[in-house]
Every structure is written in C-alpha cells, then in structure tokens.
Amino acid sequence: MEIEQTDLPDVLIITPQRHGDSRGFFSESWNRGRMREAGLDIDFVQDNHSLSAKKGTLRGLHYQSPPDAQAKLVRCGRGALFDVAVDIRKGSPTYGEWVGVELSFENGRQLFIPEGFLHGFVTLTDDCEIIYKCSDYYAPESDGAVRWDSCGIDWPLEGTPVLSDKDAEAISFDAFQTPFQENAP
Ligand SMILES: Cc1cn([C@H]2C[C@H](O)[C@@H](COP(=O)(O)OP(=O)(O)O[C@H]3O[C@@H](C)C(=O)[C@@H](O)[C@H]3O)O2)c(=O)[nH]c1=O
C-alpha cells in the first residue's frame, strides 16, 4: 500500500498493492489494521456504489454537517473519474482550497477525504462506477451541497456537465456558511 500526500495535507492518495497473475489481479481494497498502522484509524460504516452512464456527469459538491459528518475513501470501480475535495474547515490555512485526483479502474488509486471537506467528482468515461466507504451513515437532514462551479475548480470538462436537480440548484460557495470548525471533529 502506497500513501501519498496531496496539496491539502489531510487528503491522501492511497494505492493498494495489486498482485497480478495470469488471471488478472488481486487487491485488498481496504485493510483496517494496515490503515490504522498508517495513522488512519477510521471506522467506516457504510459503502456506497453509484453508476454514472455518461462521461461528463458531475456529482457534488456534497457534505454532511456534524454530528453526521463523513470521512470518505473513494475509488473507481469502472472507467475513470476526476475526484475533488474542498477544505471547508473554518480557520483552516487551506480553507476554500481544492485538490483533484484522477481515479480509475486502471490506476487503482483511492482518495481519502477527512471530515470537513466538500466532495464531488466528474466522470471521464461513460458507464463509470464509483465506490466509497463512509465513516457515518447517510443522514438526509444533514446533507448539504455547494454549487460545483463556485469554488474555482478546474474541472476536466468538455461543455456543460450532467447534473442532478439538487446539484444544479445548490448554493454558491460565497453564500455558503460552513458548519465545520478547524480540526473537526
Ligand atoms: C448519498 C445517499 C443517497 N441515497 C439516496 C437518496 C436519493 O434518493 C438517491 C440519490 O442521492 P443523491 O442524488 O444525493 O446521490 P449523489 O449525488 O450520488 O450523492 C453522493 O455524491 C457524492 C459526491 C458524495 O460524496 C456522496 O456522499 C453523496 O452525496 O440515493 C441513499 O439512500 N443513501 C445515501 O447515502
């Protein structure tokens, strides 16, 4: 397992080892003990899996407010996507800054996003699957969204993205008031 820092020090790229043979490969996509040894002692409780049919589908930017905040470990099960985290921890030296990483079936990379960040992604291929672990359960009453094009993110998009109604109507980052304190939780 390889762990790399991103420009946002708490957002990590984790690449599990793939054991290749004549059949294909085998990989431990999540190993709690190894992650704990690496300093990430996270008790994930929910796995999410979604399919986006069209390249250029953008989901985000989403968060759940405390006490239902979620850390996430994100990977791509099929195709490729550009995954983004935006720091929304009040008082953080990197508040409002974003990092984007290409995750694909081919590269096997995973992005670890702590609590206190917006999360979103755009698909780079048709029939793209994303799979991610969450450290708390879905809580629709704590669910929030910030408009995808209001954070200065350089999305790898050709034209306008496919969006849900909720994401199209999300508030802009300027109007957003973060529910996260620095060093949340
Ligand atoms: C997120 C979520 C949604 N749902 C339901 C609600 C709704 O009927 C349907 C689709 O929900 P959404 O439109 O919110 O799905 P989506 O836009 O894919 O939302 C996801 O986006 C990415 C970027 C994230 O980071 C996730 O945490 C989540 O917010 O699925 C659940 O049952 N459990 C869940 O955990």
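In the predicted model, the ligand is surrounded by N48, S50, R59, G60, H62, H119, G120, F121, Y138, S164 and K166, a residue being near a molecule if its C-beta atom, placed from the backbone, lies within 6 Å of it. Residues are numbered from 1 along each chain as its sequence is written. Local features require pLDDT of at least 70 and side-chain atom pairs pLDDT 80 or more, whereas totals for chains, interfaces and linings use all residues. Two or more shell residues come from each of β5 (46-52), β6 (58-64) and β11 (117-123); strands are DSSP runs (E, at least two residues) numbered from the N terminus.

Of these elements, β11 is mostly covered, with seven of its seven residues buried (20 or more other C-beta atoms within 10 Å of the residue's own, C-beta atoms being placed from the backbone). Burial extends to both faces of β11, with F117, H119, F121 and T123 on one side and L118, G120 and V122 on the other. Pairing, for which DSSP must find at least two bridges between two strands, is antiparallel between β6 and β11 over three bridges, and L58 stands opposite V122 in β11. Strand β8 (residues 80-87) also pairs with β11 in the antiparallel sense, over seven bridges; here L81 is opposite T123.

β5 belongs to an open sheet of six strands, ordered β1-β2-β10-β7-β12-β5 with antiparallel pairing. β1 (2-5) and β5 stand at the edges, each with a single partner strand, so one side of each lacks a neighbour in the sheet. Within this sheet, β2 (residues 12-15) and β10 (residues 110-113) pair over three bridges, and Q110 is the bridge partner of I14.

Key: Helix = DSSP H or I, 4+ residues; strand = E, 2+ residues; numbered from the N terminus. Buried ≥ 20, exposed ≤ 12 C-beta atoms within 10 Å, placed from the backbone.
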